[in-house]
Amino acid sequence: ESKIIDYNGKIIHQFDGQNSVTIEKEWIKVSTETGVGIIDFDGKIRLKPNFKEITGYNFRNNELAKVKFKNDEFFYIDKDVKCIEFENKTCPE
């Protein structure tokens, strides 16, 4: 079991199983046995950890990140974790 806590020691998210966490400027990237996901700083899951990869904000002048499915299909998200159409790539249904 792992926990993410805030500066005051309040648990904002708790995990079962092995995982790793990367604190990004905009959100927390979590890697679990099932994949990679995003949690906001309030502990709310923004993208469930079932993706193959989530890049940094490398696209459209550092405004968008690429989220890859396990089949290598992908879409882009902005810093609010909202899907954005870019380079003729539409959002998943």
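Two strands count as paired here if DSSP finds at least two bridges between them. By that rule, S4 pairs with S5 in the antiparallel sense, over 4 bridges. Please keep in mind that this is a predicted model.

The hairpin that joins S3 to S4 runs through 4 residues. If you want a residue pair to look at, take Ile23, whose bridge partner in S4 is Ile28.

Now on to the next hairpin. Between S4 and S5 there are 3 residues, and Gly35, in the turn, has a positive phi of about 150 degrees. Across this pair, Val30 has Gly37 in S5 as its bridge partner.

That brings me to Asp40. Asp40 sits in the loop that connects strand S5, 36-39, with strand S6, 45-51. Is Asp40 buried or exposed, and which side chain of opposite charge is nearest? Asp40 is buried, and the nearest such side chain is Arg46, 4.2 Å away. The salt-bridge cut-off is 4 Å, so Asp40 has no salt bridge.

What does the side chain of Asp40 have as a polar neighbour? One of its polar atoms lies 2.9 Å from the backbone nitrogen of Lys44. Setting aside neighbours within four places in sequence, Asp40 is in contact with Ile12, Ile28 and Arg46.

Notes
Residues are numbered from 1 along each chain as its sequence is written. This is a predicted model: local features need pLDDT of at least 70, side-chain atom pairs count only at pLDDT 80 or more; totals for chains, interfaces and linings use all residues. Side-chain values use heavy atoms; hydrogens and water are left out. Helices (H or I, at least four residues) and strands (E, at least two) are DSSP runs, numbered from the N terminus. Buried means under 20% relative accessible area, exposed over 50%, partly exposed in between (1.4 Å probe, protein chains only). Lys and Arg count as positive and Asp and Glu as negative; His and the chain ends are not counted. A polar contact is a pair of N or O atoms within 3.5 Å; within protein, one must be able to donate a hydrogen and the other to accept it, and residues adjacent in sequence count only if both atoms are side-chain atoms. Contact means heavy atoms within 4.5 Å.
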